[in-house]
Each structure stands twice: as structure tokens, then as C-alpha cells.
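Here is a quick tour for anyone opening this structure for the first time. Take a look at the fold, then read on.

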Amino acid sequence: MEGATAAEAHPTMGVKIFSAGLAACVADVITFPLDTAKVRQQIQGECPTSGAPKYKGVLRTVITVAKTEGPLKLYNGLPAGLQRQISSASLRIGLYDTAREYFTEGRESNPNLGGKILAGLTTGGVSVFIGQPTEVAKVRLQAQSHLYGPKPRYTGTYNAYRIIVTTEGLSGLWKGTTPNLARNVTINCTELVAYDIMKDTLVKNEILADDLPCHFMSAVFAGFCATLLSSPMDVVKTRFVNSTPGQYKSAHNCAMTMFIKEGPSAFFKGLLPSFLRLASWNVIMYVCFEKLKRELMKSGQPADGAT
């Protein structure tokens with residue numbers, strides 16, 4: 001364990017937000033094909049001309065998309081995904097500690113569970129409203145496939161923004177905010193709180209030091225918990241955001257239509273790629289996040305004597 005050095009100094013809010021945004025972008029680039037596979041599996045079954053399922057299993061979905069549409073299709077919507085991480089993940093993760101300290105009111109040394117949950121709800125909710133337009137563009141670009149029609153809806157990220165605003169109005173960029181809000185606060189609370197609790201447990205009980213193995217185990221645990229609890233809302237969010245105007249009256253109508261036509265199992269479509277993506281995303285993001293915070297704090301500290 002290190003002594004009271006710059007590595008243990010408390011990172012500033014700016015360092016946390018910058019580190020979270022950059023770490024989230026790195027994680028998104030690496031795991032984006034899994035996210036595309038998740039979206040493709042989630043929308044499968046809603047198209048009346050889709051016939052038999054084209055996507056079965058995580059690896060088969062990735063291979064099918066790569067073979068039939070080209071490997072680059074796995075990264076369709078990546079610019080919007082990176083914009084989402086910069087505008088949304090940077091805030092929901094970077095501001096979590098600040099919000100937790102606010103809600104625990106002087107109990108920073110031993111923050112209670114309620115304070116952690118309120119912090120997750122707050123930062124998760126704020127990030128959704130800011131990042132929703134990027135989420136809409138990302139999902140629609142990932143979902144579009146020539147397998148369901150010869151002409152794509154959008155040719156790129158900014159083309160998607162322009163067409164959505166032109167055809168659906170400015171409010172179209174915030175379509176699906178309600179299910180995404182429910183999904184995001186669930187993921188944010190579960191993910192951040194589970195990571196926080198697991199990390200504290202491992203460190204305080206001296207099972208692991210506050211280092212890479214601890215961050216890895218905490219991130220996997222957080223990814224599993226978040227995926228399981230958020231899957232129904234995630235599927236509804238994806239279906240509703242990707243739907244054409246008039247296809248569903250509301251997010252609730254989308255959920256009821258899914259339940260009637262496809263049964264309860266529809267709410268867990270894409271569960272495996274969702275877990276693999278979220279767990280791997282968490283591992284990469286949190287490991288990079290912790291490392292970036294420490295390195296930025298080290299680089300910003302004046303030298304205290306000989307090194």
C-alpha cells in the first residue's frame with residue numbers, strides 16, 4: 001500500500017468528470033459490437049416481415065452482422081455513442097462522489113446506503129436529459145439493417161439528428177426519455193452503488209487492496225446486478241426509441257404490445273450480450289477511471305522533496 005501521496009489525494013470534480021468521460025469513451029470503443037448485438041436482438045420480433053429469428057446468440061449475431069452487412073456495421077452509431085459518453089457518462093459517474101457527499105451530510109467517512117442510492121438517482125437522472133438525443137441517434141443507427149429494407153433511414157450521426165428534427169420535431173430527439181430514465185437510474189444506482197459497496201467491502205475487510213483486481217471484481221459484480229434489474233426497461237427503451245412515428249402510442253403501450261405479442265421473455269431479449277457488454281464496459285471504464293484519476297492527481301501535485 002502507498003503512503004499519503006498524491007495517488008491518495010482526493011481528486012477534484014473536474015478530474016473526476018474528465019476521467020469518467022475519457023474512460024467511458026475507451027470502454028465504448030472496445031465494447032460497441034456487443035452493444036450493437038444487444039440492440040439487434042432486442043428489436044428482433046417486432047418487424048412483421050422478419051420471419052424466423054436472424055440473430056441467435058452473441059457470437060452468431062456479431063458474425064451475422066459482419067458477414068451480411070460488413071464488419072463496420074458493428075460500429076454503426078459509434079460517433080453518437082461517444083457523444084453520449086462525453087455528455088452523459090462523464091456526469092453520471094464523475095459527479096457521483098460529489099452527490100454522495102452532499103446526501104450523506106458529513107458522513108463522508110461512512111456514507112450510508114440511502115445517500116449512495118440518492119446520489120445514483122440524481123446523477124443518473126440528470127445525465128439522461130442531457131444525453132437523450134445521442135441515445136436516440138445511436139440506437140436507430142445500430143438498429144437499421146438492409147435485411148429489413150433496401151434503404152437505410154439515416155446515412156450517419158448528424159444526418160440522423162437532422163432527419164429526426166425535420167420529421168418528428170425537436171421533441172423527437174428526446175423520444176423514449178421516460179423508459180430511458182427508468183433504465184438509466186436503475187443502472188446508475190445499481191452499477192455505482194454495487195461497485196461502491198463491493199469495493200468498500202473488499203478493501204475494508206482486507207480481502208483485496210484498492211488496486212486492479214479489486215476494481216475488476218467490483219466492476220463485474222456491478223455489471224451483473226445492473227443488467228439483471230434493467231433488462232425489461234432496456235428492451236422497452238430500445239424498441240420505443242427505434243419505432244417509427246405512430247407505431248406505439250407511448251412507452252407503456254410499447255411494453256404492453258411486447259407482452260401480448262411475444263410474452264414475458266421479450267423483456268429479456270439480448271440479456272447475454274447486454275451483460276457481456278455492460279460487465280466488460282464496467283471493467284474497462286472503472287479500471288481506466290481509477291487509473292486516470294490517480295495519474296492526473298499525481299501530475300498536478302508539486303514535488304515534496306526527493307523522489
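## The overall picture

A word on naming before anything else: helices here are DSSP runs (H or I) of at least four residues, numbered from the N terminus. Arg277, for instance, has its place in helix α10. Keep in mind that what you are looking at is a predicted model.

The chain has 10 helices and zero strands. Read from the N terminus, the order of elements is simply α-α-α-α-α-α-α-α-α-α. There are 307 residues in the chain, and 51% of them are buried. Take the contacts with a separation of 6 or more: 79% of those are between residues 24 or more positions apart.

## Helix α6 and its tyrosines

Helix α6 has 12 residues. From its first C-alpha to its last, α6 reaches 16 Å, close to the 16 Å expected at 1.5 Å a residue. Its buried residues are Thr157, Asn159, Ala160, Tyr161, Ile164 and Glu168. Among the parts covering those buried residues are α3 (78-94) and α5 (113-143). After α6 comes Gly169, with a positive phi near 85°.

How many aromatic pairs does the structure hold? There are five aromatic pairs. In one of them, the ring centres of Tyr158 and Tyr161 are 5.9 Å apart and the planes meet at 65°, so this pair counts as edge-to-face. The two residues are three apart in helix α6 (residues 157-168), which means about one helical turn separates them. Are these tyrosines buried or exposed? Tyr158 is exposed, because its relative accessibility is 61%, while Tyr161 is buried, because its relative accessible area is 15%.

Tyr195 belongs to helix α7 (residues 177-204) and Tyr286 to helix α10 (residues 271-299), so the pair ties together parts 91 residues apart in sequence. Both Tyr195 and Tyr286 are buried.

There is also a charge sitting over a ring. The charged end of Lys175 is over the ring of Phe240, 5.3 Å from its centre.

## A cavity inside

Rolling a probe the size of a water molecule over the atoms shows where empty space is left. Counting those of 30 Å³ or more gives one cavity. The largest cavity has a volume of about 270 Å³. Its lining is made of 22 residues, and the ones nearest its centre are Arg84, Arg92, Arg183, Asn184 and Arg277. The elements giving two or more residues to that lining are α3, α5, α7, α8 (212-242) and α10.

Let's go back to Arg277. With 7% relative accessibility, Arg277 is buried, because the cut-off for buried is under 20%. Setting aside neighbours within four places in sequence, Arg277 is in contact with Asp28, Thr31, Leu34, Asp35, Arg84 and Gln85.

Gln142 lies in helix α5. Its relative accessible area is 0%, so Gln142 is buried. Which residues does Gln142 touch, not counting those up to four places away in sequence? They are Phe32, Asp35, Thr36, Val39, Arg40 and Asn76. Gln142 and Leu78 are 64 residues apart in sequence, yet their C-alpha atoms are 8.6 Å apart in space.

Leu292 has its place in helix α10. Leu292 is partly exposed, because its relative accessible area is 23%. In sequence, Leu292 and Leu22 are 270 residues apart, but from C-alpha to C-alpha they are 8.7 Å apart in space. Leaving out neighbours within four places in sequence, Leu292 is in contact with Ser19, Leu22 and Ala23.

Most residues other than glycine have a negative phi. Glu206 is not a glycine, but its phi is positive, near 55°. Where is Glu206 placed? Glu206 is in the loop between α7 and α8. Glu206 also counts as exposed, because its relative accessible area is 72%.

Note on methods:
Residues are numbered from 1 along each chain as its sequence is written. This is a predicted model: local features need pLDDT of at least 70, side-chain atom pairs count only at pLDDT 80 or more; totals for chains, interfaces and linings use all residues. Side-chain values use heavy atoms; hydrogens and water are left out. Rings of Phe, Tyr and Trp (its six-membered ring) pair if their centres lie within 6.5 Å; planes under 30 degrees apart count as stacked, over 60 as edge-to-face and the rest as tilted. Buried means under 20% relative accessible area, exposed over 50%, partly exposed in between (1.4 Å probe, protein chains only). A charge sits over a ring if NZ of Lys or CZ of Arg is within 6 Å of the ring centre and within 35 degrees of the ring normal. The expected span of a helix is 1.5 Å times one less than its number of residues. Contact means heavy atoms within 4.5 Å. On a 1 Å grid over the protein atoms alone, a cavity is a set of points where a 1.4 Å probe fits but cannot get out, and a pocket is an open set with protein on both sides within 12 Å along at least five of seven lines; lining residues have an atom within 4 Å of a point. Grid points are joined across faces, edges and corners, and a volume is the space filled by probe spheres set on the points.
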